[in-house]
Amino acid sequence: MKKKNKKETCALRSELEIYRRQGVELRLDGQPSTPKSISKACFIAEEGTYMRDYIRNESGEVECIQFDYVTNR
């Protein structure tokens, strides 16, 4: 599996910081997480990748972004 480069990782972290400041909950493998932890996990994933799932409230606004590890097997 090809690792992401630092530029991609910084871009992901910046994007997630914006969501966090807007009050969007961030979760990594089912646990509350931070932009730094998520971008680091996405950078070092070797056997698979992280799939992003946007969870919306009744009004259609994103209230949580869940990152789940999936393998390529």
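**Notes on this predicted model**

1. Let's start with Tyr 54: its relative accessibility is 33%, so Tyr 54 counts as partly exposed (buried means under 20% relative accessible area, exposed over 50%, partly exposed in between, with a 1.4 Å probe and protein chains only). Before going on, note that this is a predicted model, where local features need pLDDT of at least 70, side-chain atom pairs count only at pLDDT 80 or more, and totals for chains, interfaces and linings use all residues. Residues are numbered from 1 along each chain as its sequence is written, and side-chain values use heavy atoms, with hydrogens and water left out.

2. Next, the aromatic rings. Rings of Phe, Tyr and Trp (its six-membered ring) pair if their centres lie within 6.5 Å; planes under 30 degrees apart count as stacked, over 60 as edge-to-face and the rest as tilted. That rule gives 2 aromatic pairs. One of them joins Tyr 19 and Tyr 54, with ring centres 6.4 Å apart and planes at 55°, so the pair is tilted. Tyr 19 lies in helix H1 and Tyr 54 in strand E3 (residues 48-56), so the pair ties together parts that are 35 residues apart in sequence. Helices (H or I, at least four residues) and strands (E, at least two) are DSSP runs, numbered from the N terminus.

3. How many disulfides does the structure hold? There are 0, where a disulfide is a pair of cysteine sulfur atoms within 2.5 Å. For Cys 10, the closest cysteine sulfur is in Cys 42, 13 Å away, so that is too far for a bond. Cys 64 is in no disulfide either, as the nearest cysteine sulfur, that of Cys 42, is 14 Å away. At 5% relative accessibility, Cys 64 counts as buried.

4. Now have a look at strand E1 (residues 25-28). Its covered face has Leu 26 and Leu 28, while Glu 25 and Arg 27 are on the uncovered one. E1 and E4 run parallel, joined by 4 bridges, and Leu 26 stands opposite Ile 65 in E4. E1 and strand E2 (residues 31-32) run antiparallel, with 2 bridges; two strands pair if DSSP finds at least two bridges between them. Here Arg 27 stands opposite Pro 32 in E2. The two strands E1 and E2 form a hairpin with 2 residues between them, and Asp 29 in the turn has a positive phi of about 50°.

5. Last, Glu 58: this residue lies in the loop between E3 and strand E4 (62-71). Its relative accessibility is 83%, so Glu 58 counts as exposed. The C-alpha atoms of Glu 58 and Ser 39 are separated by 28 Å, with the two residues 19 apart along the chain.
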